[in-house]
Amino acid sequence: MQNKLAPKAATHRWYRGILFMLLWIAVWVLAQLMEYTAHASVWFPASGLTYAALLIIGSSAILPILLCAVIVTFVTCIQYGLPLDLPQVIQAGLLFGAAHILPYWLSVQLFIWIARIGRLSTPGLIIVYIINTGVASLCTTLLVIYSLVFSNMMQPSEISQTWLAFWIGDYAGVLILAPLFAALLSQQINNKRFLLKSYLSPNQTKPSEFYYCKLMLVTLLVIFTTILNQSTQQQESAFVIFLLVLPHMWIACTESALFNMLSLTFSCMIIALFVNVLGLNEYVLIYQFAIIIVAANALFGVAVPALMADNEKLQAIITTDALTQAASRQHFMQQAERAVNRSLTDNAPLSLIMFDMDNFKKVNDTFGHSAGDRALQNVCRVAQLSLRPTDLLGRFGGDEFVALLPESTIKDAQHIAQRILTSVNEAEIAPGHPIHCSFGIAQLRSDQNFTELFNLADAALYKAKQKGRNTIVNAEHSNAA
């Protein structure tokens, strides 16, 4: 059976490799359409695809990229009429491919290693990605340029005029398109080296209602800037393109990561289109740097949903007791202080119920701590069902719980405590062992603060224990006694 499946798997890999090569060559052709001088495009999408393939597929992508490098070198020689024979073209293509792949491969290894350490959140990884790809694209630029010079495809005198635009074009291609290509490849590859989704919020499959209005705003801004630049022929007018940061930050904060990256791709394409159509090659570096700045800012927008989710998790950890899901002691105290202040200001009643489980230690000793934990969870669940939406239940530690009852008199607290007591007695809190609770209740007086109210309820709870447990003691009656 395995022998029959092996040829099919090999055929599938070859088929997938050919499709990848066609995709790589297609995005390289797209860069040629946006080329404003020899070996320099407004941006270079092929670099983004290379980085994404090395990130998701790994070393299996190296051979297809090398073959693509040889093919595009052959096309370039024909395009520029370079006098190289076939062996020289193959050599030049392999040199170009190696120079193009090596820095990106090293960059990917470093990025994956940093990600696997697990010490950086999504925003931290985005900063690493921006810096890492910038350095990698610069190294790629220098290696590729010198490989072109070595292969007699470029004159040494052209290096100083080409390297900066070459670098920014490669950097824009990686910065903007690598995440998009990585998402595309992740859908097609089963054995992924890097799980992109684990660093993003859940992707939306549809844009928001105003997404296309946002793209229209981006388009109008690019058209306005490029036409203004052409009509004035002044360098200062080209800097208006940096205003693209504003609509793209709007998109980044209101759309999913997918549509954020699609909008960046759209912006780069229309910038490249209008720069070529309107003949703004003299100002192309300004537009290239604008693309980089806009993309870097928008990438941080990808982290916004993840940051919000992290903040919500952190907030839940701070405010919620992990075992019972009641309010944590710290959160309960903060809310109680505010409620007491409001009650005193508004002259409104407020009461407190304090209760704990009778003979809880026997449950732990007899059935183990896991059974004790389940008993605590069950008591908390039963108590929550007896409370109102405006009430707050907190766990103060061990088996001790406190319920804050705004707009409640001592009689209201008595009824609620009785409901909890009856529900606990009727419920199967700890199978095989009856569980009961003792309650102390108190109402806030105008001359008290929360600490004094708490102490009154605590003293009433102590009286309930003395009276034989499984009962409710009113602090007022307790003091009267």
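The secondary structure of this predicted model comes to 17 helices and seven strands. Helices (H or I, at least four residues) and strands (E, at least two) are DSSP runs, numbered from the N terminus. Residues are numbered from 1 along each chain as its sequence is written. Because the model is predicted, local features need pLDDT of at least 70 and side-chain atom pairs count only at pLDDT 80 or more, while totals for chains, interfaces and linings use all residues; side-chain values use heavy atoms, with hydrogens and water left out.

Of the 481 residues in the protein, 50% are buried. Buried means under 20% relative accessible area, exposed over 50%, and partly exposed in between (1.4 Å probe, protein chains only). The accessible surface of the protein is about 23,900 Å², and 61% of that belongs to carbon and sulfur atoms. These areas come from the Shrake-Rupley method with a 1.4 Å probe; for residues, only the protein chains shown count as cover. Among contacts (heavy atoms within 4.5 Å) between residues at least 6 apart in sequence, 75% join residues at least 24 apart.

A nonpolar patch lies on the surface, formed by Ile 71, Phe 74, Val 75, Ile 78, Leu 86, Ile 90 and Leu 94, with about 610 Å² of accessible area together. Patch residues have over 30% relative accessible area and no salt bridge; like charges are joined within 9 Å, and nonpolar side chains (Val, Leu, Ile, Met, Phe, Trp, Tyr) within 5 Å. A salt bridge is a side-chain nitrogen of Lys or Arg within 4 Å of a carboxyl oxygen of Asp or Glu. The elements giving two or more residues to the patch are α3 (62-80) and α4 (86-117), and α3 provides the largest share, four residues. An α-helix has 3.6 residues a turn, so residues three or four places apart point the same way.

Leu 86 lies in helix α4 and counts as exposed because its relative accessibility is 54%. At the start of α4, a side-chain oxygen of Asp 85 comes to within 2.9 Å of the backbone nitrogen of Gln 88. Just after α4, Gly 118 has a positive phi of about 80°.

Ser 328 lies in the loop between α11 (284-319) and α12 (329-346). With a relative accessible area of 12%, Ser 328 is buried. Not counting residues up to four places away in sequence, Ser 328 touches Ile 318, Thr 319, Thr 320, Asp 321 and Arg 395. The C-alpha atoms of Ser 328 and Ile 317, 11 residues apart along the chain, are separated by 8.6 Å.

Definitions and conventions
Polar contact = N/O pair within 3.5 Å; in protein donor to acceptor, adjacent residues only side chain to side chain.
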